[in-house]
Amino acid sequence: MTPVSTYPHVDFDLSFAVDLDASAAELVGTTAGSSGLVESATVFDDYRSDAGERGVAIRYRLRAEDRTLEADEIASERDRMVAAAATIGAELRGA
């Protein structure tokens, strides 16, 4: 059994523009793996347009075991995830 942190979690969503043949699992693994604070990451939308565009949206849950996360720390982790996505050709939608 793994003890559950008593500190609050933070949920947020990121939506990425990806190639039609890109792996959503690889995107989740790459982005979630870039942060030691990710408790979970779940794809909740995989959109494909008639024009050949694709968007993958992921909901992340961050939590620290020993503290409440501060806004600047959350922003830094988010930026790290976006940068990690770029290494596999995904870019933040709407950015």
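What follows is a chat about the fold, the sheet and the helices of a predicted model.

Visitor: Thanks. How many helices and strands does the protein chain have?

Guide: There are two helices and four strands in the protein chain. Starting at the N terminus, the elements come in the order β-α-β-β-α-β.

Visitor: And what box do the C-alpha atoms fill?

Guide: Along the principal axes, the C-alpha atoms of the protein chain fill a box of roughly 45 × 30 × 20 Å. The protein chain has 95 residues, and 33% of them count as buried.

Visitor: What share of the contacts join residues at least 24 apart?

Guide: Taking contacts between residues at least 6 apart in sequence, 71% join residues at least 24 apart.

Visitor: On to the sheet. In what order do the strands sit?

Guide: The order is β2-β3-β1-β4, in an open sheet with antiparallel pairing. The edge strands, β2 and β4, each pair on one side only.

Visitor: How many bridges are there between β1 and β3?

Guide: Nine bridges, in the antiparallel sense. You can follow that pairing residue by residue: L14 has I58 as its bridge partner in β3, D13 has R59, and D11 stands opposite R61.

Visitor: And how many bridges join β1 to β4?

Guide: Two bridges join that antiparallel pair.

Visitor: What about β2 and β3?

Guide: β2 and β3 run antiparallel too, joined by nine bridges, and Y47 has G55 as its bridge partner in β3. The two strands form a hairpin with five residues between them. In the turn, G52 has a positive phi of about 90 degrees.

Visitor: Where is D50, then?

Guide: D50 is in the loop between β2 and β3.

Visitor: Is D50 buried or exposed?

Guide: D50 counts as exposed, because its relative accessibility is 87% and the cut-off for exposed is over 50%.

Visitor: Why is β3 said to be largely enclosed?

Guide: Seven of its nine residues are buried, so β3 is largely enclosed by the rest of the structure.

Visitor: Let's switch to the helices. How does α1 lie on the sheet?

Guide: α1 lies across β1, β2 and β3, and runs at about 35 degrees to β3. α2 packs on the sheet as well, touching β1, β2, β3 and β4. The direction of α2 makes about 20 degrees with that of β1.

Visitor: How many residues does α2 have, and what does it reach end to end?

Guide: α2 covers residues 71-86, which is 16 residues. From its first C-alpha to its last it reaches 23 Å, close to the 22 Å expected at 1.5 Å a residue.

Visitor: Which residues of α2 are buried?

Guide: The buried ones are I74, E77, M81, V82, A84 and A85. Looking down the axis of α2, they fall within an arc of 160 degrees, so they line one face of the helix.

Visitor: What do the buried residues of α2 pack against?

Guide: They pack against β1 (10-18), α1 (24-33), β2 (38-48), β3 (54-62) and β4 (91-92).

Visitor: And A86: buried, exposed or partly exposed?

Guide: A86, which is in helix α2, counts as partly exposed because its relative accessibility is 48%. A86 and T31 are 55 residues apart in sequence, yet 9.4 Å apart in space, C-alpha to C-alpha.

Visitor: Last topic, the largest nonpolar core. Which residues have the most contacts inside it?

Guide: That core has 20 residues, and those with the most contacts inside it are F12, L14, F16, L27, I58, Y60 and L62. β1, α1, β3 and α2 are the elements that give two or more residues to this core.

Visitor: What is F12 in contact with, leaving aside neighbours within four places in sequence?

Guide: F12 is in contact with I58, R59, Y60, L62, I74, R78 and M81.

Technical notes. Residues numbered from 1 in each chain as written. Predicted model: local features only at pLDDT ≥ 70, side-chain atom pairs only at ≥ 80, totals over all residues. Heavy atoms only, no water. Expected span 1.5 Å × (residues − 1). Buried < 20%, exposed > 50% of the residue type's maximum accessible area, 1.4 Å probe, protein only. Arc of directions from axis to C-beta. Contact = heavy atoms within 4.5 Å. Pairing = 2+ DSSP bridges. Axes fitted to C-alpha atoms, helices over the stretch in contact; angles between N-to-C directions. Core = buried A, V, L, I, M, F, W, Y, C linked by side-chain atoms within 4.5 Å.
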